[in-house]
Amino acid sequence: MADTEQGNQMSITEFILMGFGNIPKLRVFLFLLFLAIYFVIMAGNILIIVLVVADQHLHTPMYFFLGNLSCLETCYTSTILPWMLASFLTGDRTISVSGCFTILFVWFLWSDRMFCLSCNVL
């Protein structure tokens, strides 16, 4: 007769992130700091992209590559930072397994794009 008794089983539904601790006063400061960094990164990269596209003198391979790097940096930053800012604002330090895998999938998708760009395998 087969043994149908199952031992202790547990399924993981979320991860708890322990990075910055649980100090409420520090959360507001970190939210504002990372929000400012996010705005600077986005503004700088969008400015580079616009300049490379708009100026005919910058239509060389070096500036094309620089524009692609700026585009990828914008995508990388937009993958992680908005979720992190929301976490600072709400105080929720958990992320679901599906949310974590989604962020990792998008992150690796951009990593693969960066590898293809650097090898000229587009």
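Thr77 is buried, because its relative accessible area is 9%, where buried means under 20% relative accessible area, exposed over 50% and partly exposed in between (1.4 Å probe, protein chains only). The residue lies in helix H2, and helices (H or I, at least four residues) and strands (E, at least two) are DSSP runs, numbered from the N terminus. This is a predicted model, in which local features need pLDDT of at least 70 and side-chain atom pairs count only at pLDDT 80 or more, while totals for chains, interfaces and linings use all residues. Residues are numbered from 1 along each chain as its sequence is written, and side-chain values use heavy atoms, with hydrogens and water left out.

**The chain as a whole**

- The secondary structure comes to three helices and two strands, and when read along the sequence these follow the pattern β-α-α-β-α.
- Of the 122 residues in the chain, 23% are buried.
- Contact means heavy atoms within 4.5 Å, and among contacts between residues at least 6 apart in sequence, 75% join residues at least 24 apart.
- The chain exposes about 9,100 Å², of which carbon and sulfur atoms supply 71%; accessible areas come from the Shrake-Rupley method with a 1.4 Å probe, and for residues only the protein chains shown count as cover.

**Helix H1 and what it packs against**

- H1 has 31 residues and reaches 45 Å from its first C-alpha to its last, which is close to the 45 Å expected at 1.5 Å a residue; the expected span of a helix is 1.5 Å times one less than its number of residues.
- The buried residues of H1 are Leu30, Phe31, Phe34, Tyr38, Met42, Asn45 and Val52, and these buried residues pack against H2.
- An α-helix has 3.6 residues a turn, so residues three or four places apart point the same way.
- Pro24, whose place is also in helix H1, counts as exposed because its relative accessible area is 52%.
- Although Pro24 and Leu89 are 65 residues apart in sequence, their C-alpha atoms are 9.8 Å apart in space.

**Residues of helix H2**

- Ser70 is found in helix H2, which covers residues 61–90, and it counts as buried because its relative accessibility is 4%.
- With residues up to four places away in sequence left out, Ser70 touches Asn45, Ile48 and Ile49.
- Met84 is found in helix H2 as well, and it counts as buried because its relative accessibility is 17%.
- Met84 and Phe34 are 50 residues apart in sequence, whereas their C-alpha atoms are 8.7 Å apart in space.

**Cysteines**

- A search of the whole structure finds zero disulfides, a disulfide being a pair of cysteine sulfur atoms within 2.5 Å.
- The closest cysteine sulfur to that of Cys71 is in Cys75, and because it is 4.5 Å away it is too far for a bond.
- Cys71 counts as partly exposed, because its relative accessibility is 36%.

**Helix H3 and Trp107**

- Trp107 has its place in helix H3, which covers residues 97–119, and it counts as partly exposed because its relative accessibility is 32%.
- Leaving aside neighbours within four places in sequence, Trp107 is in contact with Tyr76, Thr79 and Ile80.

**A nonpolar surface patch**

- Ile23, Leu26, Phe29, Leu33 and Ile37 make a nonpolar surface patch of about 430 Å².
- Patches are made of residues with over 30% relative accessible area and no salt bridge, where like charges are joined within 9 Å and nonpolar side chains (Val, Leu, Ile, Met, Phe, Trp, Tyr) within 5 Å; a salt bridge is a side-chain nitrogen of Lys or Arg within 4 Å of a carboxyl oxygen of Asp or Glu.
- Ile23, one of the patch residues, lies in the loop between strand S1 (14–16) and helix H1 (24–54).
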